[in-house]
Amino acid sequence: MFRRLRTDDLTTTIFFDGRPLRCRPGDSVAAALLAAGIERFRTTPVSGTDRMPHCMIGNCFDCLVEIDGQADQQACLVPVREGSQVRSQLGTGRFDAA
Amino acid sequence: MTDAPRTHCELAIVGGGPAGLAAAALAAELGVETILFDEQPTPGGQIYRNIEANSRKHDALSNILGADYAKGLALVERFRRSGAAYEPLSAVWQVSAAGKLGVSRKGRAYLTRAGRVILATGAMERPVPIPGWTLPGVMGAGAAQTLMKASGLVPEEPTVIAGSGPLAYLVALQLMKAGAPLSAVIDTSQKGLFETGFAALPVLSGFGRDLLKGLSWMAALRKARIPVFSGRNLAVEGISRVEAVSFETRGKRQRLSASLLLLHEGVVPNNQITASLRCRHVWDTAQMAWRPWTDEWGATSTELVAVAGDGAGISGARAAAHRGRLAALDAACRIGRISRAERDERALPERRHLQREARFRAFLDSTYCPTEAVRRLADEAIACRCEEVTAGELRAFVAEGFTDINQLKSFSRCGMGQCQGRMCGGTVARVLAQSLETDMETVGYYRLRPPVKPLPVAQLAELGNAERDLRPSPLGVDGDPSQRV
Ligand SMILES: Cc1cc2nc3c(=O)[nH]c(=O)nc-3n(C[C@H](O)[C@H](O)[C@H](O)COP(=O)(O)OP(=O)(O)OC[C@H]3O[C@@H](n4cnc5c(N)ncnc54)[C@H](O)[C@@H]3O)c2cc1C
Ligand code: FES
């Protein structure tokens, strides 16, 4: 859905559901996932439908994912960290998944 | 940024956009010990997001974002030089009436005590609850712009922008410059700039440039042959993601396919903290939003707390910086660094600029009505994204007699999800007001409680007795027990 204007500065690697993604230091986790074509960040606890980031500034909570074992992280606010393990959050997410 | 959290300061500022940056820089220059907390990794706020990195390289992105964006660098540079302490990636989840801040940084929560607090938390895009707006592929126009500023991401599949307000046009222009496949703009304002713009010219003497900017955005879209429709009653079509958007135009229903639909109906104050503090709020009829009541310095009805920038009512980035400086002057005066006479003297130029901005804002408010966000919601439209409650379900609760907004919240679960009512508060109140045929003031707003950002129990537990270790604030004001963490 999105492309990067520059691709020569993708020096960080994170993992999404086990799959490695190259990204730019300074990217939010949400930007890194969207750049990789990921649309399903989480599913809702009520009806189980897919959600993707909507606001990108911390208000809608549709970007919630699990980052390094911690559920309920706002992917649009958390910067990528080398080697981070990100997982899509299904329903309410796993409690203390680490 | 230091690693040990600072536990005291004379002035705490929440938010690093133009209002917070201008306030922090001036306060620190006047000798006030100041800390600025911001959730973002770098200073700039929403408008000047990532300005330092984007100014260092003169590449495609700086050209796309344009000259107005580049102006933000001066604010950030003055802030960096001022000596104000800066805490990025720090979310403020509580402000108490006694000046105690709860902050969460890098997975750890801590408390800081401030003698005075300036909230500069800015604005958020007004939620646009049309049928299908929760589907993947539907975002705010500002959200797409954020991806562009922060990470240089641009849409690569057919994109439609639908909405009202200058930001919708600005984003359209920026996406176009970036080479995104923008297939159409749907203007929902029902009163385009063309119709009202020229009539308003005499009132707007001195605003020629701003107005021309608006007109040139339109001209650029026309030149690029991007169709601009006037549309209303929008609905998103798609099963697992957006496939198309449909709307009414000239009495007919029209459908445009889209992979990405960007909605925008203006911005509204981000007032979670003032609401949780129970500051007095006023309903702004022109902007169709609640804002905290303030005096001419930005002081709220809560003794130690002031608000500056769009969080105190939408007035734009330039006004935000002036309002930030007024709040800083008042803080410096209350803390004893400058006299009242000096405060008043230094305020004069800021007030002159603000008067100019206010005239332009009044014009914008009357031109760009958030029509789609405030019309009667379709029954099937989701009002609360977190708990997935539709407008129809809300109306059924109202019909059963749940006519108090907080009662409605408890029974419908609207406002009880992760976003704590940020996305549904205005909508639920409006559905209620429309059903009861009353006004927004009568309906009121959700009763919010801290933490205003969800805090993992583990972080809360770690806080332990941290509160006990906090010495009294420099101004020696201590707490109201109801505001304890
Ligand atoms: C997504 C978006 C994009 C926009 N783009 C433009 C544009 O291109 N041009 C334009 O003229 N106007 C734009 N606007 C309008 C613009 O936001 C304002 O006019 C201007 O930025 C207001 O400045 P401010 O200082 O009041 O707040 P902002 O610039 O919004 O700054 C507020 C800051 O507070 C931080 N914050 C909020 N809550 C907390 C908390 N609890 N803890 C810690 N930090 C917090 C935020 O992260 C943010 O950095 C945009 C608005 C939005 C929502
Ligand atoms: S995208 Fe809205 S909170 Fe992250």
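## A walk from a proline loop to the ligand

Start by selecting B:Pro451, which sits in the loop between helix 16 (440–443) and helix 17 (457–463) of chain B. Helices here are DSSP runs of H or I with at least four residues, strands are runs of E with at least two, and both are numbered from the N terminus. Now show the backbone one step back: the peptide bond from B:Pro450 to B:Pro451 is cis, with omega near -5°. Most peptide bonds are trans, and most residues other than glycine have a negative phi.

A word on what you have open: this is a predicted model, in which local features need pLDDT of at least 70 and side-chain atom pairs count only at pLDDT 80 or more, while totals for chains, interfaces and linings use all residues. Residues are numbered from 1 along each chain as its sequence is written, chains are lettered from A and ligands numbered from 1 in the order in which they are written, and side-chain values use heavy atoms, with hydrogens and water left out.

**Two positive phi angles**

Jump to B:Arg250, in the loop between strand 14 (244–249) and strand 15 (252–257) of chain B. Its phi is positive, about 45°, although it is not a glycine. B:Arg250 is exposed, with a relative accessible area of 84%; exposed means over 50%, buried under 20% and partly exposed in between, with a 1.4 Å probe and protein chains only.

Then go over to chain A and pick A:Asp72 in strand 7 (residues 70–74). This non-glycine residue has a positive phi too, near 60°, and at 35% relative accessibility A:Asp72 counts as partly exposed.

**Salt bridges**

Side chains of opposite charge can pair when their charged atoms come close. Over all chains, the structure holds 30 salt bridges, a salt bridge being a side-chain nitrogen of Lys or Arg within 4 Å of a carboxyl oxygen of Asp or Glu.

Select B:Glu248 and B:Arg253: their closest N and O atoms are 3.7 Å apart. B:Glu248 is partly exposed at 30%, and so is B:Arg253 at 45%.

Next up, B:Glu357 and B:Arg318, whose side chains meet in a salt bridge at 2.9 Å, N to O. This pair links distant parts of the chain, 39 residues apart: B:Glu357 belongs to helix 11 (residues 340–367) and B:Arg318 to helix 10 of chain B. Which end is buried? B:Glu357 is, at 9% relative accessibility, while B:Arg318 is partly exposed at 37%.

Now try B:Asp379 with B:Arg395, where the closest N and O atoms are 2.5 Å apart. B:Asp379 lies in the loop between helix 12 (371–374) and strand 21 (382–384), and B:Arg395 in helix 13 (residues 391–399) of chain B, so the pair ties together parts that are 16 residues apart in sequence. Here B:Asp379 is partly exposed at 41% and B:Arg395 is buried at 13%.

**A buried isoleucine**

Zoom in on B:Ile35, in strand 2 (residues 34–37) of chain B. It is buried, with a relative accessible area of 3%. Leaving aside neighbours within four places in sequence, B:Ile35 has contacts (heavy atoms within 4.5 Å) that include B:His8, B:Leu11, B:Ile13 and B:Ala85.

**Ligand 1 and its shell**

Last stop: ligand 1, which lies between chains A and B. Of the 35 residues around it (those with a heavy atom within 4 Å), B:Ala19, B:Asp38, B:Val92, B:Gln145 and B:Asp310 come nearest.

- An oxygen of ligand 1 is 2.6 Å from an N or O atom in the side chain of B:Gln145.
- Another stop is B:Ala19, where a polar backbone atom is 2.9 Å from an oxygen of the ligand.
- At B:Glu39, a polar backbone atom is 3.1 Å from a nitrogen of ligand 1.

Polar contacts like these are pairs of N or O atoms within 3.5 Å. The protein covers 91% of the 990 Å² of accessible area that ligand 1 has on its own, by the Shrake-Rupley method with a 1.4 Å probe.

Which helix of chain B gives the most to the shell around ligand 1? Helix 5, with 4 residues. Finish there on B:Thr146, found in helix 5 of chain B. B:Thr146 is buried at 6% and, beyond its sequence neighbours within four places, is in contact with A:Met56, A:Ile57, B:Arg49 and B:Ser151.

Methods
Polar contact = N/O pair within 3.5 Å; in protein donor to acceptor, adjacent residues only side chain to side chain.
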